[in-house]
Amino acid sequence: MTATAALRKTPLNGLHRRLGAKMVDFGGWDMPVEYSGLIAEHMAVRTGVGIFDVSHMGDIQLRGPGSLGAVQHISMNDAARLQVGQAQYSAMLYPEGTFVDDIIVHKFSENDYLFVINAGTREKDYEWIRTQARGFDCHVSDYSDYYTQLAIQGPKAQETLQKLTNVDLGKVKFYWFTWGTVCGLANTLIARTGYTGEDGFEIYVPSDVATSERVWDEVIATGAEFGILPCGLGARNTLRLEAALSLYGHEISESINVWEAGLDRFCKLEKGPFAGSEALKKVQAAGGPEKKLVGLEVVERGIARDGYRVMDLSGKEIGYVTSGSPAPFLKKNIALAYVPRSLAEVGTEVAVEIRNNQVKAKVVPLPFYKKPKKT
Amino acid sequence: MAYPANYKYTREHEWIDVSGKTASVGITDHAQDSLGDIVFVELPKVGDKVEKGKVFGSVESVKAVSDLYSPATGTVTAINEELTTAPEKINADAHAAWIMKIELSDPGELDSLLTAADYETYAKEETGH
């Protein structure tokens, strides 16, 4: 197909194809959706370890004496609370309090921050950040194509990666990062972050094909004793859904605000004004959002899918599913959905319209899955 | 996996195995491979009338739903209940895991379906991008 030619490729594209991955167009990127099988890949991450190529994610650096001011203006979380070596989940908002994108902010030094952003919104985000950073003494650089980003995720991620680095990974706490030698590559960024609801690391290595493939192969060889599997975007989606992590274009978008999405704990109005904060205050003052994101478990036989309608038990349409799928680890059919706040209580019974049938579901606590505490 | 030469195939990726007036219907190996791990099968009911080219059920993998199109017109005489609890049997052996059996209304309808060789070429073209 001619359309394929226009798709963007990560440095590991050739490797994915050699591995026989099924490839899909994901936000303009030719990406692996699965290799050996989605369920096996999902289970590898929950019980052992998996590796994902997430090089399509963007990396934007803000540097200069005004960088903290710029970050505070652009990002809703409070970057002043970050220590050097620490990261935080956050989002960039439009003046309406709705989402430009969700991001992870890393504090490299007092005057140096890195935003990791979504693939599908890379150009939009970069333009947004540059525009919003005007007036701050700060330089914005797009380093997205400089890095191959690999996510090594699962309860055995630390043991796997530890064999390939001189850094004591036990000292890197969740949502902290460091630099060290990985597979012989000095000064590699190693972050204890991820998008699976599991423990794990994301490493950023030089994006040339030879280096990228070598590191991938070394991780696979090292993780073999733990049953490591290459994992595609299919498993990445079901893993993040079980953990109830938002996906841009689904749970969060330019028409959804922070309160609706339930991301209140990452939004720090008390830090002072920032892009979107005035609109969010107004929503609060007016009594809060009208709709809320909830977790649904389908009680009867059926699988809720993205976009399906949610009804009350009298058959009246009340909302819609943002993400729905069988949950391979939980072995239930789960969904995230927007419903009116009055129907968002845990235990509320609703129905999902699945292929013209009203199938019963109930509101359940989020996240659906929480990783076991370390013993 | 080889496509049985005695089956006929649809462009929607079902197979039909005819023996006299009755026939078994399933989905092809190509279809199960494209779908991935199958977790749900919506079966018709015994006694249902099915029509050639019309939807009679669905199969769902973790990531997608796919309608099932009947290769022929007829009446459902049996359904494979085992697929309700073990839908992965389709992934394991798609050409053995029948979904429904039907009594054919018009065996002449089958002439327009694809042969194994034609289907194999068709399936390859579909993935060959």
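Is Thr10(B) buried or exposed? In this predicted model, Thr10(B) is buried, its relative accessible area being 5%. The residue is placed in the loop that runs between β1 (8-9) and β2 (14-19) of chain B. When residues up to four places away in sequence are set aside, Thr10(B) touches Pro71(B), Leu113(B), Leu114(B) and Tyr119(B).

A charged residue of chain B, Glu109(B), was examined next. Glu109(B) belongs to the loop between β9 (100-104) and α4 (116-127) of chain B. Although buried, Glu109(B) has no salt bridge. The nearest side chain of opposite charge is that of Lys52(B), at 5.8 Å, a separation that exceeds the 4 Å limit for a salt bridge. The side chain of Glu109(B) is instead joined to that of Thr73(B) by a polar contact of 2.6 Å. Beyond four places in sequence, the residues touched by Glu109(B) are Lys52(B), Ala72(B) and Thr73(B).

Turning to chain A, the assignment divides the chain into domain 1 (3-55 + 146-242) and domain 2 (290-365). The centres of these two domains, taken over C-alpha atoms, are separated by 32 Å. Their contact takes 9 residues from domain 1 and 11 residues from domain 2.

The largest nonpolar core comprises 43 residues, of which Met76(A), Leu93(A), Phe99(A), Val258(A) and Leu263(A) touch the most other members. At least two residues of this core are supplied by each of several elements of chain A, among them β6 (99-109), β7 (112-117), α8 (233-242) and β17 (332-340). The most is given by β5(A), with 4 residues. Domain 1 and domain 2 of chain A each contribute at least three residues to this core. A second, separate core of 28 residues includes Tyr35(A), Leu185(A), Ile203(A) and Trp216(A).

Helix α4 (residues 67-74) of chain A likewise holds buried positions, namely Ser67(A), Ala70(A), Val71(A), Gln72(A) and Ile74(A). The elements covering the buried residues of α4(A) include β4 (58-63), β5, β6, β7 and α5 (122-133) of chain A.

Salt bridges were counted over all chains, and the count comes to 26. In one of them, Arg214(A) pairs with Glu218(A), with the closest N and O atoms 2.9 Å apart. Because these two residues are 4 residues apart in helix α7 (residues 209-223) of chain A, about one helical turn separates Arg214(A) from Glu218(A). Arg214(A) is partly exposed, with a relative accessible area of 34%, and Glu218(A) is partly exposed as well, with a value of 26%.

Arg309(A) takes part in two of the salt bridges described here. With Glu317(A), the closest N and O atoms are 2.7 Å apart; with Glu353(A), the N to O distance is 3.0 Å. The latter pair links distant parts of the chain, 44 residues apart, with Glu353(A) in strand β18 (residues 349-354) and Arg309(A) in strand β15 (residues 309-311) of chain A. Arg309(A) is partly exposed at 32% relative accessible area, and Glu317(A) is partly exposed at 45%. Finally, a network of salt bridges links Lys22(A), Glu34(A) and Lys63(B).

Note on methods. Residues numbered from 1 in each chain as written. Chains lettered and ligands numbered in written order. Predicted model: local features only at pLDDT ≥ 70, side-chain atom pairs only at ≥ 80, totals over all residues. Heavy atoms only, no water. Buried < 20%, exposed > 50% of the residue type's maximum accessible area, 1.4 Å probe, protein only. Lys, Arg positive; Asp, Glu negative; His and termini not counted. Polar contact = N/O pair within 3.5 Å; in protein donor to acceptor, adjacent residues only side chain to side chain. Contact = heavy atoms within 4.5 Å. Core = buried A, V, L, I, M, F, W, Y, C linked by side-chain atoms within 4.5 Å. Domains from an automatic or database assignment.
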